[in-house]
Amino acid sequence: MNDRIARAALTRLFDSQDTTGRALVKALGAYAALRVATGAQPRHTFRHISEENLTEGLHRWAQRVPDVDGEKDLATIERLGGGFLIPGDEHWPTGLDDLPDAPYGLWYIGDISQGIPAVHRAAALTGSRDSTSYGAAVTGEITHGLAQRGICVVSGLAYGIDAHAHRGALAGFIGTGPATIAVAAGGLDRVYPSGNTDLASAIRANGLIVSEQPPGNAPTRYRFLQRNRIIAALAGVTCIVEARWRSGALNAAHRAETIGRHVAAVPGSVHSANSAGCHKLLRENGAFLVSDAADVAEILAD
C-alpha cells in the first residue's frame with residue numbers, strides 16, 4: 001500500500017478534528033498510522049499521545065474499519081472522472097498547508113488540467129442561503145468581474161449566495177484556469193443540494209468540485225462547518241456578501257482570519273437582517289468593506 005491509498009483510507013477513518021488520529025499521522029506517517037488505527041499493527045507508546053487517548057481512538061475507529069477501503073474509493077472517484085490529490089502532488093493546493101488541521105487529501109471531479117490557483121489568484125464568496133435580490137445581484141456582479149480578471153471564485157455549492165457566486169464566475173470565465181471551485185461537504189458521488197445538479201455539471205466543465213470526504217459520505221452540519229476552513233484556505237480573501245447575525249457563513253470568515261487570510265464583507269441595508277452579520281464583521285472584526293470586483297482584486301494584490 002502506498003501513501004496515496006493510505007491517505008484515501010484515512011479520509012474515511014478519521015474526522016478532520018480527530019486530534020489523536022492527526023498526532024498518529026504526524027508521528028508515523030499515513031501508512032503506518034493507518035495500520036495502527038485499523039489494528040493491523042500492534043499499538044505501542046507514543047510520546048505525544050496518551051494511552052487513554054489512543055485507547056479511546058482505537059475504540060472510535062473500530063466502528064469504521066469495516067468500511068475502510070482506500071483502493072475502492074480511488075477506483076470510484078476515477079469512474080466519476082475525478083481523482084485524489086495528496087501533499088506533494090503537482091496540483092496539490094499549498095494554501096491548505098496553512099491549516100493546522102489540513103485534509104489528508106482532496107477528492108476532486110472536474111477539469112484539473114490547469115491546476116488549482118495560488119491563493120492570491122482566488123477569492124472566496126459565500127453567504128446566506130436565503131439571499132435577497134440585492135445579495136444575488138451584488139454577488140453576480142462581483143464574481144463576474146473577478147472571473148473577467150482571471151481570478152478563480154471559491155464557494156460552497158449551496159443555495160443562495162454560493163450558487164450565485166458560481167454562476168457569476170462561470171458567466172465571466174475567460175478560459176484562464178478553473179472559473180470556479182466548489183467545496184462540497186460530502187462525497188462527490190452525489191450533488192448536494194440536488195437542486196444544484198445542473199450547476200454542478202457546469203462547474204465540472206469549467207472548474208472543480210472538491211471535498212475532503214470520500215465517495216459515499218453524506219453531508220452533515222458538522223461537515224458543512226468543517227468544509228469552511230477549506231474554502232478559506234483556498235483563497236486569499238473570504239468575502240461575505242450577505243449573512244444573518246448568527247449565519248454559518250460567518251464561520252468561513254472566522255476560519256480565514258485564524259490562518260491569516262483577508263476577510264471582506266459587503267454592506268447592506270440597516271433594515272435587512274441578511275446584512276446584520278456583514279455589518280458585524282465590518283464593525284467588530286476589521287473586515288474590508290467591498291462593493292465590487294475591483295475592491296476584492298485590490299485586496300488580493302495587497
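Phe84 is buried, at 6% relative accessible area, where buried means under 20%, exposed means over 50% and partly exposed lies in between, for a 1.4 Å probe and protein chains only. Please keep in mind that this is a predicted model, in which local features need pLDDT of at least 70 and side-chain atom pairs count only at pLDDT 80 or more, while totals for chains, interfaces and linings use all residues. Residues are numbered from 1 along each chain as its sequence is written, and side-chain values use heavy atoms, leaving out hydrogens and water.

Now to the partner of this ring. Rings of Phe, Tyr and Trp (its six-membered ring) pair if their centres lie within 6.5 Å, and planes under 30 degrees apart count as stacked, over 60 as edge-to-face and the rest as tilted. By this rule there are four aromatic pairs. In one of them, the centres of the Phe84 and Trp107 rings are 4.2 Å apart and the planes stand at 40°, so this pair is tilted. Phe84 belongs to strand S1 (residues 82–85) and Trp107 to strand S2 (residues 106–110), so that the pair links distant parts of the chain, 23 residues apart; strands (E, at least two residues) and helices (H or I, at least four) are DSSP runs, numbered from the N terminus. Trp107 is also buried, at 0% relative accessibility, and four of the five residues of S2 are buried.

What, then, joins S2 to its neighbours? Two strands pair if DSSP finds at least two bridges between them. S1 and S2 run antiparallel, joined by four bridges, with Leu85 opposite Leu106. Four bridges also join S2 to strand S6 (residues 208–211), again antiparallel, and there Ile109 has Ile209 as its bridge partner.
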